[in-house]
Amino acid sequence: AFQGELDLAKPFIANGNLKVEGVFDVSWGGVSMLNAEMAMAQALRDMGKWDYLINLSSTDLPLRTRAERAFIFEPNDVYGKNFMWGVLQNTEHKQKRGLYHDFTECESHFFRVADDAMVPAGIELHGGSSWFALHYEFVDWLTECFSGGFANATMGECELPVALLDYAQYHLSFEELYFHTLIQHSPFCGLVIQEADLRHIKWEREKGETDGCLHFEEVDWCGNSPRFMAVEDWNEGRAKEPPLLFSRKYRDPAVYDHMDAVLGLDSTEGMGEELRAAMEEARREADRRGKTNLNNMAQGKPITSSAYQEPKTNKYEPKNVVDGDLHTRWSSSFEDDHFVTVTLATDDKPVCDITEVVLHWETAYAKHYTVQVSSDMETWEDAS
């Protein structure tokens, strides 16, 4: 997948307006997210002069054409300001964010290690969202603070960026607070448009959806994520005033095709023939699934697992794998080599014809796994 992205990016890299950095292994809630953002800021600054650094999620979709997006930043009373959503963090906010606890990141997990942490004194913490648009002048000032190394950036205006980044190494989701807090205590404090992350997001849950306490696989805390949306939600975001630039999260291929049609885009433009063919085949497959309603023979079948989280509440029990609801899930304990076993055969149909296996992963997923089959539930072989 990454090679496909590089193939798509080649003409833009050749034009000098795109830079591809190595993949960062980030954990939800971990400081690795902030470290990756800082590295991206430095990489962009090294490319020369530009206007805005906009932090994007892999699930962000544009609501505007490039010309429309540029127009939003053009007015004299807007250009040069920084866009972000955040509020002053009171005691309740700090408690919910886990700021009174120390964490440490290790092997893609953010572990809680102490419960008596101190919060920074003498400054007000602001923030609440990872999504921002930072103007070049602010990014230039910030990255310049670190250009000579930490040892040379501990005095004057650069003292706070260094101290906050050091504090962030041991505190949960601090990338949602770092830039917001820093800009409020910097020479750019008057150049902020608050409550403007320029995104259409929906947090409210529909009936049957998870209660919003997520990401246990990645962090010893309770996280949350916005819900997935449909075509009508994308249309709603595009109609918002003042105008928004992006919307998330989506996973229905119909949304991508609708977006391309409305914005006049061609998602395959500039692709090599092999990559273009793969994209078109993926679209045909998605269309086929929608029209034929392929049978899910695993739904509702008996299932067991080697282990699962929170057995007292059954919140992550194995039956969630086969309940047909994409808003529930099984979650193993934090160890390798766990598995689930589904009994597909019945008395009426002792042999099953399996044409494909489709896995819907949560944000955290197995880097390596094996699908095996058995006719007696004792002897297993890899599926082919």
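The structure is a predicted model, in which local features need pLDDT of at least 70 and side-chain atom pairs count only at pLDDT 80 or more, while totals for chains, interfaces and linings use all residues. Residues are numbered from 1 along each chain as its sequence is written, and side-chain values use heavy atoms, with hydrogens and water left out.

## Overall composition

The secondary structure of the protein chain amounts to 10 helices and 13 strands, where helices (H or I, at least four residues) and strands (E, at least two) are DSSP runs numbered from the N terminus. Of its 384 residues, 36% count as buried, a term that means under 20% relative accessible area, with exposed meaning over 50% and partly exposed lying in between (1.4 Å probe, protein chains only). Among the contacts in the protein chain with a separation of 6 or more, 67% are accounted for by residues 24 or more positions apart; contact here means heavy atoms within 4.5 Å.

## Helix 5 and its crossing with helix 2

Helix 5 (residues 136-146) and helix 2 (residues 32-46) have axes that come within 10 Å and cross at roughly 105°. That angle makes helix 2 roughly perpendicular to helix 5, since angles of 65 to 115 degrees are given that name, those under 35 count as roughly parallel, those over 145 as roughly antiparallel and the rest as oblique. The axes are lines fitted to C-alpha atoms, for helices over the stretch in contact, and the angles run from 0 to 180 degrees between N-to-C directions.

On the helix 2 side, the contact is made by Met38, Ala41, Gln42 and Arg45, and on the helix 5 side by Val139, Asp140, Leu142, Thr143, Glu144 and Phe146. By class, this contact has five nonpolar, two polar and three charged residues, with Ala, Val, Leu, Ile, Met, Phe, Trp, Tyr, Cys and Pro counted as nonpolar, Asp, Glu, Lys and Arg as charged, and the others, Gly among them, as polar.

Helix 5 is mostly covered, with eight of its 11 residues buried. These buried residues are Tyr136, Phe138, Val139, Trp141, Leu142, Thr143, Cys145 and Phe146, and they pack against helix 2, strand 1 (52-54), strand 3 (82-88), strand 6 (126-135), helix 6 (159-168) and helix 7 (178-184).

Helix 8 (residues 231-238) packs with helix 9 (residues 253-263) at an angle of about 35°, and their axes are 9 Å apart. Val231, Trp234, Asn235 and Arg238 in helix 8 meet Ala254, Val255, His258, Met259, Val262 and Leu263 in helix 9, and the residues of this contact divide into seven nonpolar, two polar and one charged.

Tyrosine 250 is found in the loop between strand 9 (246-247) and helix 9, and at 2% relative accessibility it counts as buried. Leaving aside neighbours within four places in sequence, tyrosine 250 is in contact with residues including Thr59, Leu61, His200, Asp233, Trp234 and Val255. The C-alpha atoms of tyrosine 250 and valine 231 are separated by 8.9 Å, although these residues are 19 residues apart along the chain.

## Serine 27 and the polar contacts

Serine 27 has its place in the loop between helix 1 (2-14) and helix 2, and counts as buried at 1% relative accessibility. Apart from neighbours within four places in sequence, serine 27 is in contact with Ser32, Met33, Glu105, Ser108 and His109.

| Side chain of | Partner | Distance |
|---|---|---|
| serine 27 | side chain of glutamate 105 | 3.2 Å |
| tyrosine 250 | side chain of serine 247 | 2.7 Å |

## Backbone features

The peptide bond from glutamate 241 to proline 242 is cis, with omega near -5°, and proline 242 lies in the loop between helix 8 and strand 9. The bond from arginine 248 to lysine 249 is also a cis peptide bond, with omega near 10°, and lysine 249 lies in the loop between strand 9 and helix 9.

Aspartate 337, in the loop between strand 10 (303-305) and strand 11 (340-342), has a phi near 65°, a positive value in a residue other than glycine, and counts as exposed at 73% relative accessibility. Methionine 377 has a positive phi of about 65° although it is not a glycine; methionine 377 lies in the loop between strand 12 (372-373) and strand 13 (381-382) and is partly exposed, with a relative accessible area of 40%.

How values were computed:
A polar contact is a pair of N or O atoms within 3.5 Å; within protein, one must be able to donate a hydrogen and the other to accept it, and residues adjacent in sequence count only if both atoms are side-chain atoms.
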